Amino acid sequence: RGGPLGVNAEILAIEPCAPMNRDPAAFGIVSHARTFMDYYRGHARAGFVGYRPGRMSAKRAAATAKAYREAFTGGETGARAKPAGAKGSLVQLHAVNLWDGGMRYGLGIPSLLSYARSQPDIGERFSFEQVVWKAEVPGESDPDGAAVAERVLRAGPLLAGFTIVSWSERIFLDAIRRVKANSPGVMIAVGGPLATAHGPRLMKLMPEVDALVVGYGETAFAALLRSLADCGVKAGLHPGLYVRRGGRVIGKPQTLRDVLPPGSVPSPFRTGLVDVAGCPTMHVEWSRGCPGRCAYCTWGNRTAGMIQASREKVTDDIAWAIDRGVREITLDNSAINFRSDLLRELVGAIAEADPGGKIALTAFLRYELIDEEQVDILRRVSWKSLIMGLQTDDAAGLKLIGRPPFDRRKFERALSGIGAFARPGVQIMTAVPGDTLENFSRGLEYLVCLDCDRSVF
């Protein structure tokens, strides 16, 4: 308190994010290096074995020195990493696209990156790399955890993020374990449908995961990056973000009011983050959330309700598609007919952008909501398929998954109405709890007799 303190930076270096290190002048501290980070870099040489300030044991001092060398020289790779939040710190995000008669891509990571880059305090501070792996491509080997981990370790990012879906879960969880075993300093973040379904429990099952983004992740991911730039001070206080602190997992759930409307995120198509070449259909996101809350689905079970994209968002996506010769669009939405007024707005925007019907669309419907008004609205545009997920016709199974009882008359009337101008599709689920082989066979035989496309999942 009496004046400046000549404090040895070797002691302060033990905790680089401590208040003394982040703002040494406020504590009257005079450093012997220009900055503490400069001091760390100067002691990252191979011959530096550690320091022994205070009560630190020789073993722990050696481990601390090793951690500093890995953080500031990239370990064995020799790639020079940057401290958290330094300009140009690398954030590497991974996804697996699936082959299904052509490549099917996700919009999660492209949307995260498009939003993050649009934020000046983030876009200027970090550099980003999107790594897209491909699975089930005819004649090619699927990626494995070892290959993904090698890509991460070679780049030496500040943060490696992974979107977890059914076809990437095994690959990425294996990769995460490998990355942490070889480079503990790389921060690991996960998100995506399966990560959302697991919730914070995933971080208890996977100690290698440092952060979890649930639901629609643009603002939560941005909050995570801002916290890294501020040494993690505010991490875990944003809806949809969970982090580790003091041996605990902390965070806040996401609700619909925390979700950005689709049009608030800069178009991942126009920012060049999505490549539709070789894709049989262009996937778009024209709504978020779902009021259905079916027990088997993660689409809306944490965001009851729905936010529809603006007219401008819909027409812009279609204009982009037409300019590039796209002929099919699939709406990666929940059912589009929960409300007739919103359905009318959506169809009106599509008709405005594509009055000639150049693009054939595929979307989901809830059959029990289809009436003559909705049929008249839907027939205004060109549809390739309108899918009415039956899931099961078993009364006990429908109750269990949160669906109303099967109404055969209404279902067949909906098929007939939609079939007059589009190809109706119906889905049936296997392994609904309580279902039997006899019930499933009976339901499948019923669908075979109907004039519709059928899929089993």
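**Inside the model**

Analyst: Met282, Trp286, Ile329 and Phe411 touch the most other members of the largest nonpolar core, which has 57 residues. A nonpolar core is a set of buried Ala, Val, Leu, Ile, Met, Phe, Trp, Tyr and Cys residues joined through side-chain atoms within 4.5 Å; buried means under 20% relative accessible area, exposed over 50%, partly exposed in between (1.4 Å probe, protein chains only). This is a predicted model: local features need pLDDT of at least 70, side-chain atom pairs count only at pLDDT 80 or more, and totals for chains, interfaces and linings use all residues. Residues are numbered from 1 along each chain as its sequence is written, and side-chain values use heavy atoms, with hydrogens and water left out.

User: Which helix gives the most to this core?

Analyst: Helix α13 (residues 340-353) does, with 6 residues. Helices (H or I, at least four residues) and strands (E, at least two) are DSSP runs, numbered from the N terminus.

User: New topic: how many salt bridges are there?

Analyst: The structure holds 18. A salt bridge is a side-chain nitrogen of Lys or Arg within 4 Å of a carboxyl oxygen of Asp or Glu. One of them joins Asp210 and Lys180 (2.8 Å, N to O).

User: Where do Asp210 and Lys180 lie?

Analyst: Asp210 is in the loop between α10 (201-205) and β6 (211-213) and Lys180 is in helix α8 (residues 169-182), so the pair ties together parts that are 30 residues apart in sequence.

User: Are they buried or exposed?

Analyst: Both Asp210 and Lys180 are buried.
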